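Opened my notebook for a look at some helices. Here is the structure I worked from.

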Amino acid sequence: KFGSVVTLITLTCASAWTIPSKGSIKTAASAVSRRDAWVQSISTATLLLTTTTNNPALAAVPSVDELQRLQKGHSRVSYLLKNWDSLTQQCNTKAMSDTEAKQVIRTEGGGGGFGCEKTPLVVQEYMGYKSVNDPLYKIDKLLVRAAPLASDDVDYLDLVESYREFADNSAMMAYTSSWGEANPNGSKETIDNYLDQTKIDVVKAEKMLRKLLQYLDLPVLDPSK
C-alpha cells in the first residue's frame with residue numbers, strides 16, 4: 001500500500017513539471033507558473049501522506065517541540081536584524097576560526113592594529129546554513145510537513161517556497177560578500193554592497209517566517225540569540 005502511495009506522489013509531482021506539447025498550448029496566460037506547479041505537487045503529496053500512508057515518519061505532522069524550532073529560528077533571525085551592525089563585524093579581536101580568518105574582510109579601523117573586520121558569514125549561522133543543530137536547519141522540510149495545520153495550505157506552501165528562496169539568497173550573498181575584496185576588481189564598497197543585499201534578503205525571509213507563524217497560529221517570540 002505504501003509503495004503505491006509513493007508511486008502516486010511521484011507521478012503527481014512529475015506531472016506538475018511535465019512540459020506540454022506545442023499543440024496543447026492555447027495561450028501564454030493558460031500556462032501554469034513554476035511556483036504554482038510546485039505548490040500543487042507539494043500540496044497533493046502532503047495530502048496523500050497525511051491521509052493514506054501508514055508510515056508515521058512521513059505522515060506525521062510536526063510535534064509541538066518540532067514547531068518550536070520555527071519560533072526559535074524566527075527569534076534568532078529577528079535578533080540578527082536588530083543587531084546587524086554589531087554581529088556582521090568584529091573589532092579589535094583575533095578570535096575566529098581558520099575558515100573565518102580566510103574569508104573575513106579587513107576594513108579601516110582607527111589607530112592601526114586589527115581595527116574592524118566584516119564577518120558576513122555570521123548571517124549563515126543565524127539562517128540555519130552552518131550547523132545541523134540550528135533551529136532553522138532544513139526548516140523548509142518541517143514546514144511542508146506542517147501544511148495540514150495551516151488555515152490555507154496552498155497560500156501557506158507558496159510562503160514556504162518564498163521563504164526558502166530568500167533564505168537561500170541570503171546565504172549565497174553572505175558568502176559572496178565574504179570574498180568581495182579578494183575577488184578581481186573587488187573593494188570594500190563591493191563587500192558593503194553585497195552585505196546590504198544580504199540584509200534585504202534576510203528582511204524578506206523574516207517577514208515570510210512571521211507570516212508562516214501566523215498561519216500555524218504560533219506566537220512570535222522576542223528577538224533572542
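First, the ground rule: helices (H or I, at least four residues) are DSSP runs, numbered from the N terminus. The model is predicted, so I kept in mind that local features need pLDDT of at least 70, side-chain atom pairs count only at pLDDT 80 or more, and totals for chains, interfaces and linings use all residues. Residues are numbered from 1 along each chain as its sequence is written, and side-chain values use heavy atoms, leaving out hydrogens and water.

I looked up helix 9 and found 26 residues, with 37 Å from first C-alpha to last. That is close to the 38 Å expected at 1.5 Å a residue (1.5 Å times one less than the number of residues).

Next I checked the N-terminal end of helix 9, and Asp152 caps it. A side-chain oxygen of Asp152 lies 3.2 Å from the backbone nitrogen of Val154.

Then, which residue meets Arg164 in a salt bridge? I found Glu161, at 2.8 Å, N to O (the rule: a side-chain nitrogen of Lys or Arg within 4 Å of a carboxyl oxygen of Asp or Glu). Both sit in helix 9, three residues apart, about one turn of the helix. By this rule I count six salt bridges.

Key: Helix = DSSP H or I, 4+ residues; strand = E, 2+ residues; numbered from the N terminus. Polar contact = N/O pair within 3.5 Å; in protein donor to acceptor, adjacent residues only side chain to side chain.
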